[in-house]
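Please look over the sequence and the model before reading on.

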Amino acid sequence: MVLTSVGKMVGLQKKTSGIRNICILAHVDHGKTTLADCLISSNGIISSRLAGKLRYLDSREDEQIRGITMKSSAISLHFVKGDQEYLINLIDSPGHVDFSSEVSTAVRLCDGCIIVVDAVEGVCPQTQAVLRQAWLENIRPVLVINKIDRLIVELKLSPQEAYLHLKNILEQINALTGALFTSKVLEERAEKEAESESVSDTAPGDQIYDWSAGLEDTDDSHLYFSPEHGNVVFASAIDGWGFGIEHFAKLYSQKIGIKHAVLLKTLWGDYFLNTKAKKIMKGDQSKGKKPLFVQLVLDNIWSLYEAVTKREKIEKIVTSLGLKIGARESRHADPKVQLNAICSQWLPISDAVLSMVCNKLPSPLDITAERVEKLMCVGARTFDSLPPETQELKSAFMRCSSEGTAPVIVFVSKMFAVDAKALPHNKPRPLTQEEIAHRRELAKRKHAEKLATNQGKELSEKPPSANSSEVTRNTGDAEGEDQQLTGQAEVMTSKAVKQEADNKESFIAFARVFSGVVQRGQKIFVLGPKYDPAESLHKLSSPCSATNDLSLVPHMTCCTLENLYLLMGRELEELEEVPAGNVLGIGGLQDFVLKSATLSTSPACPPFTPLNFEATPIVRVAVEPKHPSDMPQLVRGMKLLNQADPCVQVLIQETGEHVLVTAGEVHLQRCLDDLKERFAKVEISVSAPIIPFRETITRPPKVDMVNEEIGKQQKVAVIHQTKEEQNKIPEGIQVDSDGLVTISTPNKQATLSVRAMPLPEEVTRLLEENSDLIRTMEQLNTSLNEDKKSHEINRKTVERIQEFKHKLEQNLQGRKWRNAVDQIWSFGPRKCGPNILLYNFEGYKRSVWQCLGNAVKEVSRYRDFDNSIVSGFQLATLSGPMCEEPLMGVCFIVEKWEINKVGEMLSTGSQHSGECDAVEHKQNEDTTITSTVEACSVNEHQDSSQSVSKSSEKMSKHKEVLVADCYGPFSGQLIATMKEACRYALQAKPQRLMAAMYTCEIMATAEVLGRVYAVLSKREGRVLQEEMKEGTDVFIIKAVLPVAESFGFADEIRKRTSGLASPQLVFSHWEIISSDPFWVPTTEEEYLHFGEKADSENQARKYMNAVRKRKGLYVEEKIVEHAEKQRTLSRNK
Ligand SMILES: Nc1nc2c(ncn2[C@@H]2O[C@H](COP(=O)(O)OP(=O)(O)OP(=O)(O)O)[C@@H](O)[C@H]2O)c(=O)[nH]1
Ligand SMILES: [Mg+2]
């Protein structure tokens, strides 16, 4: 196979119908990169002998060492099938959960994907996840069942058993697809019904979904994986073979004379061959017959493997298959090599997979209207609400045209860093003949000189070698020295330049052209995610070009496309232009694009919907340079890292620490390596992982720590404890026995009563799941309040909000929660978190449900300050009293909010100074009087010219303002007071910490099962489920594990089980730690059980104190108690 030239590729890029943009998706280690190797070797980029060993697309060192892919990377391949030529832009993606964001970036650029499933492990959690991602992006999948050799060699299944096993896997994966499909159809149907109610006639062209009628009459057969539809390939990537049943159907239709079409339908399934009648009959097992697939396909493969391992009849098989095996392979001692040589000729995997891709996956021209609309409509908007110019662009997407007039639309899904040295224009160009000759001459001369000096100095023990490699090495040396002698200055300068290039990371945008032709040097708009064509279009002068002044337009900049590249795995090839439908690399966007962006020549283009990321960044560490002076490099490095990774978060905490937030341990390690070796290039020290906690409250317990009912026994320490508690609460704050906290602002103008209540678990979960929706509601409400003409709200969004409200109502039942849902004032922290603020006092009405249309335009005395209360609540929920971690599942109810007239007046401020009412100010007379006197004297002193005959009313008002002034602005006081009130209200209830939990699925064989359990229980893991994988001796264990205990877990499991089990941890939920961090024994029973000091382990307190220590907060710890040891020592002296 000859290498395809760049020129050829450029030609292929122009034939859009022959392009396939695909990615390979699977669970970790199911063989994606190995499969990619096989496909690459078909293009001669790597040798077929190395395919599967090289893992060419894993170009990073750590990827090779660890054996897992961490970055998705792309390569373009050329494939010829019959008289058709195809260009396949292939993207290999990582399977490890930590890198699932890389999958999202890959999927966005593709039209189809290959799902790989390990024949032994079957459908795994990530298989499910990637299938869902493919589904969300509306790209079409095909299936490769890989590692079938393991069924033969490892599991030693018979062909019949293997058939059943494979059937099982297919059923599993189809069940997944079915679940995705059904939910979607139902959703679509509901939407259609709603639509047809409101809009009676839609243009026939707009009919997007052909399944409008519902499930019964929906043709979903093309969605499922089935060998007879040609979207399944059975393969062993490592042995280089793979086939779809079409291959065998063709073969046997000639051999046994049954029609090709019939065979295609019956080769997979419960059919058998009646040899006498030469007929295919249905029903295999009942008659004890072999299914066709076993008889005609699997039996052959099994006997080939047997023959090769036993080294019998190999030649016979080879000749009967009509293959030619090289002498080297046929005599090779390792049967694997022979197998590979035979199989890859007999059933070449690349042919099978690539022809399936070309037949079954769509070209860029087949992009569906549905997908286009999804890409174009961000958030709550409907396609119809977009400006007409924008709607017109839909047809450009659909045409995917490469004509000069077509608008250019490009999506950048990630930025990746490459060493500047690796860029084509920085690479050393091959030497010309003359240069080579010149160098050779120099080298020879030098060599001769060296030999002469050597002989003169010492007698070498080694005879001068005649070995050719030695000579070349010497010449190399000679060349170096020669250069040093002759052109030292030159070397110096080139060194400096080189070093500069060394240190430089160049960022390439990983992108796809959706319409038009991008050209090198072209000017183009960069549209940020918040860019809104509706708002900006009229600001731009039509005909607008990228050279216009863009400072007026928010979220839009203009840049020049400096370089365009063809992505070829580790290599980049420079291109002049790239037509629509291709994946490409773009240089020079470093300063314009952070992680992803939309580029277009048309300002009407909307930004694409953001990528769906599945992973939640949860592992955070603080980093600092070993040498403080390296700080600037570190900061720069972190910025680069942030740009180069789609998922990492880089932030500076309030404490000044530089923090990295990553998706998991493996991801963390990669980020740190990158930071140290590529981006910052300084020594760094890394803190232990910062484990996130949440703070919450619970209902008072019914039983005590020794499981006795509370209330029945004598309370020994009750008095002692209550005293202590009272000490905590400062003066001026009243806490009643029910936990209602009443507190006034420092200037005593307002009084708040707040109570905290735990939210039911389901509500907390609902809030968490719907945080995006809550954020959208918040945005809608703000724009309503500002009386901005807000854009039309998507009906779907309204429905979702209604459903959300309904669910909340369902879950907030009972006397306590009467009318609660309607009284929701805000969510927090950050206005979208899992805590609720309710108002429950007369004379106020405000609702988060405004956006549903029941807006209350209410003017009341509270109105000017309600933002302060909400802000106070936001602050309180952002950091709780236990260890300043965010709250979760807490409801604060404001039961009273009184503002005195003065306070009110302060709100209206100086504007109304003339119409000031008589100030009644009974409650706080004492304080006011004393301070007004002071204020007064100061005032008079300062301003002696002031007339004495001022009206007393005016005077008093003036004084009040001054009083207020000494405590700062009133709104600020309210914020602080609200925050305090929330905190004390919390502390009046039993507080608990919540720990982040991972779920993990571990596959382990029976013999290591015990060890897996041991590790799990040591780390406080809880096993949820254990089941045996059908047809294997592998157990699947599902467990939950606190994040706090998870560091090193994967490694420990791997070590203890000698690598036989390896878990993947995925963040799942927050769980309350049942122990009370402030617990001290209070009853006699508890005293008896735990002792007076109760110094047995309290997990929650340990966690809490660790966090407090890290944050530099006061930690209540008894360092030495009773100090008996010391006393004895001193006496002995
Ligand atoms: N027996 C057998 N082993 C295979 C086959 N294909 C791949 N492997 C092995 O499976 C392991 C993982 O292969 P990779 O190609 O790196 O898997 P991957 O899906 O790219 O893994 P990640 O990128 O980390 O998700 C390697 O050790 C391969 O040698 C196969 O067909 N048969
Ligand atoms: Mg891989």
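The shell around ligand 1 divides into four nonpolar, nine polar and six charged residues. Here Ala, Val, Leu, Ile, Met, Phe, Trp, Tyr, Cys and Pro count as nonpolar, Asp, Glu, Lys and Arg as charged, and the others, Gly among them, as polar. This is a predicted model: local features need pLDDT of at least 70, side-chain atom pairs count only at pLDDT 80 or more, and totals for chains, interfaces and linings use all residues. Residues are numbered from 1 along each chain as its sequence is written, chains are lettered from A and ligands numbered from 1 in the order in which they are written, and side-chain values use heavy atoms, with hydrogens and water left out.

**Ligand 1**
- The ligand is surrounded by 19 residues, each with a heavy atom within 4 Å of it.
- The closest are Lys32, Thr33, Thr34, Thr69 and Asp149.
- Helix 2 (32–41) and helix 6 (148–153) each supply at least two residues of this shell.
- Helix 2 gives the most, with three residues.
- Thr33 places a polar side-chain atom 2.6 Å from an oxygen atom of ligand 1; a polar contact is a pair of N or O atoms within 3.5 Å.
- For Ser236, a polar side-chain atom lies 3.4 Å from a ligand 1 oxygen atom.
- The protein covers 85% of the 650 Å² of accessible area that ligand 1 has on its own (Shrake-Rupley method, 1.4 Å probe).

- Strands (E, at least two residues) and helices (H or I, at least four) are DSSP runs, numbered from the N terminus; two strands pair if DSSP finds at least two bridges between them.
- Four bridges join strand 21 to the antiparallel strand 22 (residues 658–662).
- Gln649 stands opposite Val661 in strand 22.

- Six strands form an open sheet of mixed pairing, in the order 25-26-27-30-29-28.
- The edge strands are strand 25 (734–735) and strand 28 (824–828).
- Two bridges join strand 25 to strand 26 (residues 741–744), and the two run antiparallel.

How values were computed: Polar contact = N/O pair within 3.5 Å; in protein donor to acceptor, adjacent residues only side chain to side chain.
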